[in-house]
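Dear colleague,

Here is the structure I promised to pass on to you. Please open it beside the sequence, and then read on below for what was found.

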Amino acid sequence: MVAKLELVSLSKSYGKIDVIKNLSLEVGAGEFFVVLGPSGTGKSTLLKLIVGIEQPDEGKILIDGKDVTRLPPNKRNLAMVFQNYALYPNLNVYQNIAFPLKMHRRRNIDSKVKKVAQELGIEEILEKRIQQISGGQQQRVALARAIVRNPALFLLDEPLSNLDARVRYSARSELKKIQEELDETFLFVTHDQKEAEALGDRVGVLHSGSFEQVAPYRELYENPGTQWIGDFVGDFPMNFIKNIGFRPEWTSIGDSGEHEIMVDTSESIGGIFFIHGTLKDGTSLILKSLRRYDVGDSVRFSVTRSRTFSEAP
Amino acid sequence: MVSEYNNPRTRYYIYAVAVFVSFFVLLPIYILVIISFAPSSQTIDIYYPYLIPTKLTLVNFINSFRGVGTLLEAAFFKSLETAFIVAALAILLGFHAAFGLNRLPLRVNSTLIGILFFSTMIPSITIAIPISVTFLKAGLYDTSVGLALAQELVVLPLTVFILMGTLDSIPKQLEQQSRVDGASFFQTLYLVIFPLAVPGIVSAFLLSWLMSWDEFTFAALISPVHPTLPFLIYLYASSRGGSILTGASFALLVTIPVIVLTIILSKFIKGGYLTSGITG
């Protein structure tokens, strides 16, 4: 069952702090939507509102057109994978996966559990206790528990952040594959840009309680809607000379260049150099370069591509 | 930190303390056993009693229990009944109270806890008298249920306090996960939270049971006609021409169920696995 999700003018505050401010969003059926944002921008609160653990002060939440704003979490027909997986420690793997089926009084529990376990490659550990399995396996169990019920919507709260780097990459591509096979609606919350880039059909960048921009990652990078987005998205922030923004690679270095910087540091990433330098007026810039420059060198460059923002930096 | 315990000197120190504490705790029980099972000519009848008796006998037991068998049996079962009512009620009320109190803002719940403990600050004897008068009218006087309700005054605050600590240590996310997984509030409470709280619940159960089992003041004032064991022992060992021998034999009888229950329940009191399904 694939459903679309609509959030209409959601607001939520704790005391005097407005965590979510007039936030609206539409996630299409079968879409992999990533909510990207630095810590403390209300990502978790947003998930809690959608899931029903918290109630919004204002606004509406619709799943497949149905208003669920005032429904308790168990009536919303969605699944969630918490950052720490929240597996029931007193139940074994099998019982963990079967739990939501039991709660929903589904039939053929045994065959459903075994099927999903097989799909995720955890059929060998079904009888194990949660304490006996690895972090990667725990993540699969949590995912299996979400998938098994065939919910309308999947919510994932940084499910990869507790894995080792190596496991994380394989889990990431696997997650994308699973979503494509299931063809279900996923809402994935992360602070990791690489995850957002790799997973999201669209990415919503959360900034102080509402979406600053919602677009495919490429678009966010190439064509940021605001200076804040330009600064936040990307491995390196966008360079700004007054209100003209450009990426480190949107430049060409050469003696005839119109600007000149003094090199502060230069770092090498995969054979390519990123030159951190300062303009005469003190503006810090980062340029991409194929060769190394030393501290104190003067480098001339031209901007080959740029984006002009209306407001001053 | 752990390696510090592997240091031989630290280890000997720990062993020495353990031996000392065990000695301190076990010696009275040992003396109780000797007095009960050794002939009185080797224990209480001489100035310097034997530390290790040369002869064992059941005579003390037989003499103590002669003629009071049915009385003792009645008291034993009354104590048992009362203790189980107290413990069960303490868990039933305490679990829900603790869950609710944990959800309240900190300032409110600490105030409520203060009020809860207020009843334990007043000496039992001053509350026991008005209670027994009220129970006379209510038909609860001299009953196990009545006594249990009175003892609950002292037991319940402590149970709630223990269970608040236990419930607080259960990750909130498990509760939220359970709701998302389709469990109702009460299903979450009984199918997820209760099983996770079992170690704390068992500790609280055991403690309530023990507090009731050797409770004296309420027992003496609310149930004097059909007494519980502690009160009966008091009557026989002191006033009604009883002796230390009788007292010791009875006391041993009181101890046995405590040991049995503790052994049965101790395997449930193992914490530490609560957070293991939770990473980070």
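To begin with one pair of strands in chain A, E14(A) and strand E15 (residues 272-278) run antiparallel and are joined by seven bridges, where strands are DSSP runs of E with at least two residues, helices are DSSP runs of H or I with at least four, both numbered from the N terminus, and two strands pair if DSSP finds at least two bridges between them. Within this pair, A:Ser266 has A:Ile275 of E15(A) as its bridge partner. The two strands form a hairpin with two residues between them, and in the turn A:Gly270 has a positive phi of about 55 degrees.

Before going further, please note that this is a predicted model, in which local features need pLDDT of at least 70 and side-chain atom pairs count only at pLDDT 80 or more, whereas totals for chains, interfaces and linings use all residues. Residues are numbered from 1 along each chain as its sequence is written, and chains are lettered from A and ligands numbered from 1 in the order in which they are written.

Strand E14 (residues 259-269) of chain A also runs antiparallel to strand E17 (residues 298-303) of chain A, to which four bridges join it; here A:His259 is partnered by A:Phe301 in E17(A). Elsewhere in chain A, three strands make an open antiparallel sheet in the order E11-E12-E18. Strand E11 (239-241) and strand E18 (307-308) of chain A are at its edges with a single partner strand each, so one side of each is left without a neighbour in the sheet. Strand E12 (residues 244-246) of chain A pairs with E18(A) in the antiparallel sense over two bridges, and A:Thr308 is the bridge partner of A:Ile244.

Chain A as a whole has eight helices and 18 strands, and its C-alpha trace spans about 75 × 45 × 35 Å along its principal axes. Of its 313 residues, 42% count as buried, that is, with 20 or more other C-beta atoms, placed from the backbone, within 10 Å of their own. Chain A is divided into domain 1 (5-222) and domain 2 (236-308), with bounds that come from an automatic or database domain assignment, and the C-alpha centres of these two domains lie 39 Å apart.

In chain B the assignment gives domain 1 (2-57) and domain 2 (63-277), whose C-alpha centres lie 30 Å apart. Six residues of domain 1 of chain B are in contact with six of domain 2 of chain B, contact being defined by C-beta atoms, placed from the backbone, that lie within 7 Å.

Helix H9 (residues 198-213) and helix H12 (residues 244-266) of chain B pack at an angle of about 175 degrees with their axes 11 Å apart, the axes being lines fitted to C-alpha atoms over the stretch in contact, and the angles running from 0 to 180 degrees between N-to-C directions. H9(B) and H12(B) are therefore roughly antiparallel to each other, a description used for angles over 145 degrees. Among the residues that meet there are B:Trp209 and B:Trp213 in H9(B) and B:Leu261 and B:Leu265 in H12(B).

Finally, the contact between the chains takes 26 residues from chain A and 22 residues from chain B. On the side of chain A, the elements that give two or more residues are strand E6 (78-81), helix H2 (93-103) and helix H4 (135-147).

Conventions. Contact = placed C-beta atoms within 7 Å. Parallel < 35°, antiparallel > 145°, perpendicular 65-115°, else oblique. Buried ≥ 20, exposed ≤ 12 C-beta atoms within 10 Å, placed from the backbone.
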